[in-house]
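Here are some notes for your review. Please read them with the coordinates open.

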Amino acid sequence: QVRLVESGGALVQAGGSLRLSCVVSGAIFKARKMAWYRQAPGKQRELVASITSTGTTNYVDSVKGRVTISRDNGLSTVYLQMYSLKPEDTAVYYCNAYTVDFYTTMFSWGPGTQVTVSS
């Protein structure tokens with residue numbers, strides 16, 4: 001059974017930084033295209049960033065220049081380094097593997113990790 005476990009969320013002040021981690025167990029991680037998503041209260045879950053099995057990255061416009069996605073295949077972990085955090089980044093952050101498009105995800109969602117940015 002595949003498990004996704006996110007961690008690293010916290011309460012930070014605007015302008016601060018966080019590094020989120022997502023450990024994937026029970027799947028062949030290195031072949032998977034991975035992405036980070038977030039869901040703010042009352043809103044739909046949305047894509048934040050993605051990384052292919054070969055390391056090609058993609059970022060949504062709202063986080064470009066402030067976020068770096070990376071992966072460690074040996075640890076079956078995907079990371080999201082976040083800088084210059086804004087109150088609008090407040091959300092629960094999730095990771096998942098995707099297939100034909102960013103919203104065709106492969107696994108059951110993990111618990112997520114809460115990021116709260118105070119102004």
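This is a predicted model: local features need pLDDT of at least 70, side-chain atom pairs count only at pLDDT 80 or more; totals for chains, interfaces and linings use all residues.

1. Start with E6. It lies in strand β1, residues 3-7. E6 is buried, yet it has no salt bridge. The nearest side chain of opposite charge is R45, 7.2 Å away. A salt bridge needs the nitrogen and the carboxyl oxygen within 4 Å.

2. What does the side chain of E6 reach? It reaches the backbone nitrogen of C95, at 3.1 Å. The backbone nitrogen of G112 also lies 2.8 Å from a polar atom of the E6 side chain.

3. The surroundings of E6 deserve a look. Beyond its neighbours within four places in sequence, E6 is in contact with residues including S21, C22, W36 and Y93. Y94, P111 and T113 are also among the contacts of E6.

4. R45 lies over the face of Y94, 4.5 Å from the ring centre. Y94 belongs to an aromatic cluster with Y37, Y103 and W109. The whole structure holds four aromatic pairs. In another place, R19 lies over the face of Y79, at 3.9 Å from the ring centre.

5. Is L18 buried or exposed? L18 counts as buried because its relative accessible area is 10%, and the cut-off for buried is under 20%. L18 sits in strand β3, residues 18-25. Setting aside neighbours within four places in sequence, its contacts include G8, A10, V12, L80, M82 and V115.

6. Check one spacing. L18 and V5 are 13 residues apart in sequence. Their C-alpha atoms are 17 Å apart in space.

Conventions
Residues are numbered from 1 along each chain as its sequence is written. Side-chain values use heavy atoms; hydrogens and water are left out. Helices (H or I, at least four residues) and strands (E, at least two) are DSSP runs, numbered from the N terminus. Buried means under 20% relative accessible area, exposed over 50%, partly exposed in between (1.4 Å probe, protein chains only). Lys and Arg count as positive and Asp and Glu as negative; His and the chain ends are not counted. A polar contact is a pair of N or O atoms within 3.5 Å; within protein, one must be able to donate a hydrogen and the other to accept it, and residues adjacent in sequence count only if both atoms are side-chain atoms. Contact means heavy atoms within 4.5 Å. Rings of Phe, Tyr and Trp (its six-membered ring) pair if their centres lie within 6.5 Å; planes under 30 degrees apart count as stacked, over 60 as edge-to-face and the rest as tilted. A charge sits over a ring if NZ of Lys or CZ of Arg is within 6 Å of the ring centre and within 35 degrees of the ring normal.
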